Amino acid sequence: MLTDTFQQAVYKRTRPWRQRLNNGRARLFDAQQLSQAEQTPYEILFDDGLVKLRFYPPLAESAIPLSDGTVIPVSQTPQRTPLVLVAPLAVNMLIYDLFPQRSLVRYLRARGFELYMVDWGRPGKYHNHLSLSSYFADYLPKLLVHVRRHSGEQKLSLHGWSFGGLFSLCYAALGKDPDISNLVLIGAPTDYHRNGALGDQYRALSRRAKWIRSRTGLRIHKVPANLLRSPGWVNSLAFKLTNPIGSLQGYWSLLKNLHDRDFVSSHATNGAFLDDMVAYPGGVIQDIVRYLWTDNVVAHGQLPMAGTNGHLNQVTANVLNITGANDPIVTPECSQAMRPLIRSKDKTFITIDGGHMGILGSAAAQKQSWGRIADWLIERD
């Protein structure tokens, strides 16, 4: 009897440490099971082995909860103009459907949008020939054909985050698709030389690159593309180094909260996105160095590609530009430089709280911008 009582006391005393050990083991070795991401059903309409086009069918629920505890009804009246989410490169798609209560795709679907998403896939070493224009001038036109065929609608709205915003802007600037009605651009870069601390580095690199080019004739496109490929783990590390203190604080918070299974699950969900980024093809790196960092062509209205008549002054769609006040990757000044370059009559520029990831998928974005985006699009439907 005494032994049983002693064992029960020891068991009770050590339970918090066993919880921490079990949760820590699960976070290290079974993070996928902890992750809450990507629970919204979707269908694949196009798949060429790399790039995919998703369609999100109507939600089965009559209402959905949000992260602040509010509940919104699921619209039974679909919006007329389909909305296409154009993802950036280097990221996986989890950011768009990170938590059940903080899912951009679930929210937009609940607001009644016929919703599609472009997933650029995971480029391997055999995709190093792909350039920036491969995405916005080659792939995107083909994918939008599938969207129009599936939806039965000709007019479309594009929603692009980061490079997805740049791709959406450049696609409209090609001047070949007058039926792009609306552009929602989230953290979309324009003037790389007016980009805060990173802009200072780009200007310095530009001076050196132009000096080398004028004296030696060496250009980045003469370097074999396969030597310039940026692996996914490098992109993950680079993203975290934009806020190293915040990254370290995240892991410190995990250690302090290992007893809390819900906290560990949330950390694993965020990690599923941050720790699993995707490679940049070598051809993309060539274009970034030449067109964006060195020549800064988009700041002058030109497109990051050779041999095109496209120009930002051909953009006539309604534009909603959203930037992050604390975004070190694409500052408000960098993104809003597009304002005088585009010919759109209806253009709105707003800045919200958050960094580069936060302005798309954080609780602050859900509160500050998701509703404004939906309302802005519905007003123009």
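Tutor: Let's begin with a pair of side chains: those of R54 and D119 meet in a salt bridge, at 3.6 Å from N to O (a side-chain nitrogen of Lys or Arg within 4 Å of a carboxyl oxygen of Asp or Glu). This is a predicted model, in which local features need pLDDT of at least 70 and side-chain atom pairs 80 or more, while totals for chains, interfaces and linings use all residues. Residues are numbered from 1 along each chain as its sequence is written, and side-chain values use heavy atoms, leaving out hydrogens and water.

The R54 and D119 pair links distant parts of the chain, 65 residues apart. R54 lies in strand β2 (residues 52–56), and D119 lies in strand β6 (residues 115–119). Strands (E, at least two residues) and helices (H or I, at least four) are DSSP runs numbered from the N terminus. By the salt-bridge rule, the count comes to 12.

Now on to helix α4, residues 132–151, which packs with helix α5, residues 163–173. Their axes are 10 Å apart and the angle is about 75° (lines fitted to C-alpha atoms over the stretch in contact, with angles from 0 to 180 degrees between N-to-C directions). That makes α4 roughly perpendicular to α5 (65 to 115 degrees). On the α4 side, the contact (heavy atoms within 4.5 Å) is made by L132, Y135, F136, L140, P141, L144 and R148. From α5 come F163, F167, C170 and Y171. By class, this contact has 10 nonpolar residues, no polar ones and one charged.

Helix α4 also meets helix α10, residues 282–294. Here the axes come within 7 Å and cross at roughly 95°, so α4 is roughly perpendicular to α10. L132, S133 and Y135 of α4 make this contact with V284, D287, I288 and L292 of α10. By class, the contact of α4 with α10 has five nonpolar residues, one polar and one charged. As you look at α4, find L132 and Y135: they are listed in the contact with α5 and in the contact with α10.

Key. Angles under 35 degrees count as roughly parallel, over 145 as roughly antiparallel, 65 to 115 as roughly perpendicular and the rest as oblique. Ala, Val, Leu, Ile, Met, Phe, Trp, Tyr, Cys and Pro count as nonpolar, Asp, Glu, Lys and Arg as charged, and the others, Gly among them, as polar.
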